[in-house]
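Dear colleague,

Please find the structure below, with the sequence alongside.

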Amino acid sequence: MGQLPRLDIKTLPGPETILRRELGNGITFLARENFSSPSVVVSGYLRAGSLQEEPDMAGLASMTAASLMRGTQKRKFGQIYESIESIGARLNFSASKHSISFSAKALAEDLGVLLDLLHEVLLTPTFPKAQVDRLRAEMLTGLGIRDQETSARADLAFNELIYKGHPYAIPTEGTKGTVAQLTATNVRSFHRKYFRPAGMVICIVGGVKARKAANAVSTRFSSWKANGKAPDLSVPSVKPPRGLKRVRVGLEGKSQADLVMGTAGPSRSDPDFLLAALANNILGRFGMFGRIGDVVREQAGLAYYAYSTLAGGDGPGPWQVVAGVNPSNLEQAIELIRGELTKIIKEPPDEDELGDNKANFIGRLPLQLESNEGVAGAIVNAERHSLGIDYFQKYPDLVARVTRDEILRVAQRFIDPDNLAIASAGPPVAGGKPAGRKPGKKKGAGRRPKARGSKT
Amino acid sequence: MSEAVLRTRLRNGLEVRLKEIHTAPLISSWVWYRVGARNEVPGITGISHWVEHMQFKGTPLFPTGTLDRAISREGGTWNAFTWMDWTAYFETMPQDRIELALRVEADRMQNSLFDPAEVESERSVIISEREGSENEPTFRLSEEVHAAAFRVHPYHHMTIGDMADLHTISRDDLYGHYKRHYLPGNAVLAVAGNFKTSTMLRRVRELFGSIPSGPIPEYSNRPEPEQPGERRVTVEGPGQTSFLELAYQGPEATHEDFVPMAVLDSALTGASNLNLFGGGISNKTSRLYKKLVEGELAASVVGGLAATVHPYLYSIMVTVRPESSPEKVLTALDEEIERMLDKAVTVEEVARAIKQAKALFAYASESITNQGFWLGYSEMFADYAWFETYLDRLSKVTPDQVLEVARKRLVPTKRVVGVYRPNGTAAAA
């Protein structure tokens, strides 16, 4: 095993360079200066999410997040967007199961514009009926497109198999049936009930003084009345599937089949998460998509993409293998992937392979933390999962200490090749029995497809 | 916009661009070859992209698989892209590990193996890549729109190539294409990041200077003739959603119309993000968003202007709302185009376009990888000065220039109207 990369710990985000403050109303503020950058990034989240929806209102948290910028007590939709687009800035909101997240970027000189707008749309949105109606129609168009996408349909089917009866089975963006019923009144009510400062995190990274940024946030947000504690958005654990649970979604006129198979994985705060992330890297990410990429793409030539992904997050998110294959190669791909899942629970990686993956985890930190977005994302993630602001400085040691047996143990804890959910979506199989639910641009071509990310 | 850039040319013809940036402990190395889909003829469409894939399949010095491992182990990232005018390879590495990237690129400029078994394995990977694209209605539509817009010029076909050719291209075709185009005199090496220029240049000379030069393949252009009238194409396929794509004849990057066209694009559909990495900004104050999306005819509209060697397209893609229709969208869109032709954009719209471009370029400058990208990319269709002077040129654009370019370019007889019409196929249960 070669030597692991040695990073200058002082260059990594840590207590010396991250300013952290808690406001009286429960908002946590974090900042890191980067004066080599002309821009500033603001990102964070509120403790509200689609877990708070009624199942027949799936999509409500997403619609609320998307409606925030559609009008406030002070400004109309057009004026709001004029204020940011005219300066080349952006501000976006999105919902997940456990949070409403925001991310914004502007030239550093325009931080005040961003914070004014963030405050205004979070606290005084009006959700005009005409705007919400229009947004709903746009969302329904989007869901119509999603329902014809093989990758999205395989993912939805996978979630239904693994999370049956669990809130994670319900798509955050809802279905055509549920979204069609949502109204501006529902959105207003969701906002009134669940948007509160307690548990909110706001992080600012870029070419602005941290203390100045702290004051700018405090001035605007400290008067937001507490209105109770942050809600408990925990979710039940998930029982592993029994046997091979299989669903095929047939979509006429498609050329390729998308495959999603796997199980439920650890949450980010699970003590085994880092081990699982390393095991996942070995399985389907390292180099050209790890062992799975090697077997399915490089050796068998079956797929343009075949990789694994570990969600982490606030609950038992999925640990999946994803591949896009010609329908005639689907069964072969499944068996090759199961073979790799068997291998990773039968024997530990050798020292060289583990060493390579550890080196990758440590050595890529400077690249991951190069951009303001990268730093802000990492700091918010550490805060969200109580990793501590010295996490990145401890991280190289945490990785270096991992042993081969620990990788084997964590793989055995979560992965069982005989008990998996296997969902695919593609052209209907002749003679087969397609099953499944019935809900409602890149430049040029390249060698490496864009894989969905796995967090470390 | 930039610090000093070293521009030099090695004796074998390799153009070298070096730019020191000391904001992060990283170096990004790019090699750009002047070969892409425009160098292909029927029978070998898609071959440039396939060669790019084969460049990851090993040399005697670095057998297949070893490099993915080595780059990842060092904490780096690498990838490659093929487009109409070029093929590019990059590695971004911790600063003390860039040696590996430079050695790899020098090696595979001349020594790639193209093992027949690897060629066959990659054939099915590339066919799979194309099948994945075919699952997307907008790919199917754009492919037909390109074919209609370019009857003569090789921008006619998509970079991935036609399926017929992906089945028949041989190992010898691929190797021949590689040997013809992968020459130092047909390439640009661009390195940006935390290094000392003199040291980097010395190492570049050592590694690349001895690669033999060869005859640079002549490019015989087949210019697209004047389009004699509007062309319409319809694609039918699965789904529930219609799409409308308009493609006007756009200027090449070095044409004087390009920059006024960028302002026009910004006013009409929102600022195009010319960067390869990093997100753009929303377009909700653009004229077509207001007309089509606020007008409740469409769910979204995007426009695109690309920097190319030859005249390409200015395209507009609209996602049509189910209760609307492509015809209604086209009528509304034409009203807005008519307004663009009737009266100059406002001074405020020009100012917004400038500020948006400034912001997007500033965001781009934060990434070492993106800096390396621009250093070489700009050389593919112009030179680095094109990038360095872009904002200056943009800030000099007047509303009258935008009006002039609109009247010249947004002409119905010079456009293709493409419609994707869903055939109503529902998901099989």
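In what follows, helices (H or I, at least four residues) and strands (E, at least two) are DSSP runs, numbered from the N terminus. This is a predicted model, in which local features need pLDDT of at least 70 and side-chain atom pairs count only at pLDDT 80 or more, while totals for chains, interfaces and linings use all residues. Residues are numbered from 1 along each chain as its sequence is written, and chains are lettered from A and ligands numbered from 1 in the order in which they are written.

The two chains

Chain B contains 16 helices and 11 strands. Its radius of gyration (taken over C-alpha atoms) is 23 Å, close to the 22 Å given for 429 residues by the globule rule, so chain B is as compact as a globular protein of that length. That rule is 2.2 Å times the number of residues to the power 0.38. The C-alpha trace of chain B spans about 60 × 50 × 45 Å along its principal axes. Of the 429 residues in chain B, 56% are buried; a residue is buried if 20 or more other C-beta atoms, placed from the backbone, lie within 10 Å of its own.

Chain A has 16 helices and 12 strands. Its radius of gyration is 23 Å, which agrees with the value near 23 Å that a compact globule of 456 residues would have. Buried residues account for 55% of the 456 residues of chain A.

An open sheet in chain A

In chain A, 6 strands form an open sheet in the order 1-2-6-3-5-4, with mixed pairing. Two strands pair if DSSP finds at least two bridges between them. Strand 1 (18–22) and strand 4 (90–95) of chain A are the edge strands, each pairing on one side only. Strand 1 of chain A is joined by 5 bridges to strand 2 (residues 28–33) of chain A, and the two run antiparallel. Within this pairing, Glu22(A) has Thr28(A) as its bridge partner in strand 2 of chain A.

A buried strand in chain A

Which residues of strand 11 of chain A point one way, and which the other way? Leu420(A), Ile422(A), Ser424(A) and Gly426(A) point one way, Ala421(A), Ala423(A) and Ala425(A) point the other way, and all are buried. Strand 11 of chain A covers residues 420–426. Strand 7 (residues 244–250) of chain A runs parallel to strand 11 of chain A and is joined to it by 7 bridges; the bridge partner of Val249(A) there is Ala425(A). Strand 8 (residues 257–264) of chain A runs antiparallel to strand 11 of chain A, with 5 bridges between them, and Leu259(A) has Ser424(A) as its bridge partner.

Where the chains meet

In total, 65 residues of chain B are in contact with 66 residues of chain A, contact meaning that the C-beta atoms of two residues, placed from the backbone, lie within 7 Å. Helix 4 of chain B gives the largest share of the side of chain B that touches chain A, 9 residues.

Helix 10 (residues 286–299) of chain A and helix 2 (residues 66–73) of chain B pack at an angle of about 120°, with their axes 8 Å apart. Axes are lines fitted to C-alpha atoms, for helices over the stretch in contact, and angles run from 0 to 180 degrees between N-to-C directions. Helix 10 of chain A and helix 2 of chain B are therefore oblique to each other; angles under 35 degrees count as roughly parallel, over 145 as roughly antiparallel, 65 to 115 as roughly perpendicular and the rest as oblique. Phe286(A), Gly287(A) and Met288(A) of helix 10 of chain A make this contact with Asp68(B), Arg69(B) and Ser72(B) of helix 2 of chain B.

Yours sincerely

Conventions: Buried ≥ 20, exposed ≤ 12 C-beta atoms within 10 Å, placed from the backbone.
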